[in-house]
Structures are given as C-alpha cells and as structure tokens.
Amino acid sequence: MINVLFAGNSKVFDGVLTCMLSIFKRTQTKEPFTFYIFTMDVSHLKPDFTPISDNLIKYLDEVAKTYGKKNSVKKVDVTKLYKEHFAGCPNESAYCSPYTLIRLFADLVPKMPEKILYLDVDIMFNRDITLLYDTDIENVEYAAAPDHYGKYLIRPDYINAGVILFNMKKCRETGIFEKARNQIKTKKWIFADQDALWHSTTVKKVLPQRFNDQKFLWKHTVIRHFSKRLFWLPYPHTDNIKQWHITKVHKVFGYDQFDDILYEYVYLKKVFDNR
C-alpha cells in the first residue's frame, strides 16, 4: 500500500485531482493507493474555509478506482483537533492558510499508516512515485528536499515542507509533531508549520532537489512543485502559477510534459460539473 496525505479546504479539488492523475499516469507499480485528505471547518475565520465536501471525496474516490479497484480516497475531518490546539494561535493568520497547519495532527488521527507521503496540492509527478516512496527512512523522522530559496537564505538543510515522506513510528518516538504543535501555539513563524517542523526535527534525510523542484522541470525531476516563485522578467515580481492554470503553464513555463494529465483533468472536471 502507498499512502498519501493531502490537506485543505473545499478548494483543493483541482490540485488533488491533477496530482492524483500525475501519480497514476507516471507510476508503474501495482500497489494500491490510499489518499487521505485532512480537512476542517473554520469558516468563522474566512467564509470559504469550509471542508471539502463528501461529494467531491466520492468523485475523487471513483476516479482513483478507475486506476485500481483497491485504491481509495478518505476524508478526515480534524476540526475538533484544530479548535483544541490551534484556535487563536499566533500562526492562525500566517501568510499561508490555516489548512497547512493540520498535517501536524498526523500523530493524533487514529489508524494512520506507519509510512505516509505528505503532498501539497500544487504538486505534479514527472516520474514514478516509487522513486520517492521507496526511500529508506527507517532511522529518520522524515525525508524531504531543500527549500529552493531557504537553502540559500536560511541554511543548506532547510527543507520545503510541501513534500515530506514521514516515518510515523519514529515521529511518535521523538515527539516531532507535538514539539511542532507547541511551537505553533507559542511562536510566530514566517513559514508557520514548515519552520516549526524544521526546528523540531531530531533526525531527517535530505533528498536531492529533483524530489521537490520548486523552480525547474528537468528530465530527471520526479516532482515539480508549482509553488510561488520569483520571476526576473519583464521586471522582478512573484507569481503563483498552479498546474491547473493550464494557459499559464504553457505560455509562461512552456511545459507540455503534463498535457496528457491536464487533458484528462479538464474532461473529469467537466463530468463532475455536469452531474
């Protein structure tokens, strides 16, 4: 079984669907997949901070099963945990949404698998997921690649938390999630849970950049992370182009490597919208 964890609100559908499709279309393994989606209702903070709906989960599950009958998509509502641990915390209004914080509940949710790959939803696989998932993490809490900018501005081993392969047994032994939650409750971090995780780490494995490339797409790239990035032309500016922004993916990045995935995404989204 390959276990994947996403987190987000009702707007993660496009990201989860495109990411799932990229996994299925770039992976040869016959192992089944279980996709967990942590979600919650914090609409008191912002009207669109509502949980992903059961209808969307059901549809994503149907799509997953077309690629393997044993595949499944599971919704995990962590609203109660969020209110208990993070309501009113210093990082609740961080630059990113509070939904990035809820992966820190992975040790509190019952029956989570011992090995799980957390992914931000703005991720596309360019090569087989097993190149990452089969990484030996027996003696570390997690494996992650450097943050593209942080490795220069902070420290070479500063990781990007958008792609993390967790060893849950080791994480429970060291208490990394509990430590990170305590930091979220008491300290204001620029990058919220990413900073809290990094500062709480006892032992990690730093992966090559190709396992979470936040700027480039090479032939050897396993994961292209469509995170916010800096552009120098026609003037210095940032843009937050996601994989489902198909026109920009073509015009700005010049990518056609994901066209087969995005073509199916457009079709499947229309099918859902027409229901």
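Contact here means heavy atoms within 4.5 Å. The model shown in these close-ups is predicted.

**Figure 1. Helix H10 and its cover.** H10 runs over residues 259-273. What covers its buried residues includes H1, helix H2 (54-66), strand E5 (123-125) and helix H9 (246-251). Those buried residues are Ile-261, Leu-262, Glu-264, Tyr-265, Leu-268 and Phe-272. Seen down the axis of H10, they fall within an arc of 160°, so they line one face of the helix. The face turned away from this buried side carries exposed residues: Tyr-263, Tyr-267, Lys-270 and Asp-273. Length fits too: the 15 residues of H10 should span 21 Å at 1.5 Å a residue, and the end C-alpha atoms are 21 Å apart.

**Figure 2. Helix H1, a largely enclosed helix.** H1 has 14 residues. Of these, 13 are buried, so the rest of the structure largely encloses the helix. From first C-alpha to last, H1 reaches 20 Å, close to the 20 Å expected at 1.5 Å a residue. H1 is also part of what covers the buried residues of H10.

**Figure 3. The second largest pocket.** This pocket has a volume of about 240 Å³. It is lined by 16 residues, and the closest to its centre are Thr-29, Lys-30, Glu-31, Phe-33 and Tyr-67. Helix H1 (residues 13-26) gives the most to the lining, with four residues. By class, the lining holds five nonpolar, five polar and six charged residues.

**Figure 4. Helix H8 and Ala-192.** H8 covers residues 192-200. Eight of its nine residues are buried, so H8 is largely enclosed by the rest of the structure. The buried set is Ala-192, Asp-193, Gln-194, Asp-195, Ala-196, Leu-197, Trp-198 and Ser-200. Their cover includes E6, strand E7 (159-167), helix H7 (176-186) and E8. Ala-192 lies in this helix. Its relative accessible area is 0%, so it counts as buried. Most residues other than glycine have a negative phi. Ala-192 has a positive phi of about 45°, although it is not a glycine.

**Figure 5. Two residues in the loop between H3 and E4.** Lys-111 is found between helix H3 (79-85) and strand E4 (115-119). Cys-89 lies in the loop between H3 and E4 as well. Lys-111 is exposed, at 82% relative accessibility. Cys-89 is buried, with a relative accessible area of 8%. The phi of Lys-111 is near 65°, a positive value in a residue other than glycine. Cys-89 touches Ile-184 and Lys-185, leaving out residues up to four places away in sequence. The C-alpha atoms of Cys-89 and Lys-188 are separated by 8.6 Å, although these residues are 99 apart along the chain.

**Figure 6. Leu-132 in helix H4.** Leu-132 is found in H4. At 1% relative accessibility, it counts as buried. Not counting residues up to four places away in sequence, Leu-132 touches Leu-117, Val-163, Leu-165, Leu-207, Phe-211 and Ile-223. Leu-132 and Val-222 are 90 residues apart in sequence and 7.9 Å apart in space, C-alpha to C-alpha.

**Figure 7. Thr-221, a buried loop residue.** Thr-221 sits in the loop between strand E8 (204-206) and strand E9 (223-225). Its relative accessible area is 0%, which places it among buried residues. Beyond residues up to four places away in sequence, Thr-221 touches Asn-126, Arg-127, Arg-210, Asp-213 and Phe-216.

**Figure 8. Asn-139, an exposed loop residue.** Asn-139 is found in the loop between helix H4 (130-133) and strand E6 (142-146). With a relative accessible area of 56%, Asn-139 is exposed. Leaving aside neighbours within four places in sequence, Asn-139 is in contact with Asn-167, Lys-170 and Val-203. The C-alpha atoms of Asn-139 and Val-266 are separated by 41 Å, and these residues are 127 apart along the chain.

Note on methods:
Residues numbered from 1 in each chain as written. Predicted model: local features only at pLDDT ≥ 70, side-chain atom pairs only at ≥ 80, totals over all residues. Heavy atoms only, no water. 1 Å grid on protein atoms, 1.4 Å probe; cavity = no way out; pocket = protein on both sides within 12 Å on 5 of 7 lines; lining within 4 Å. Points joined across faces, edges and corners; volume = space filled by probe spheres on them. Nonpolar A, V, L, I, M, F, W, Y, C, P; charged D, E, K, R; others polar. Expected span 1.5 Å × (residues − 1). Buried < 20%, exposed > 50% of the residue type's maximum accessible area, 1.4 Å probe, protein only. Arc of directions from axis to C-beta.
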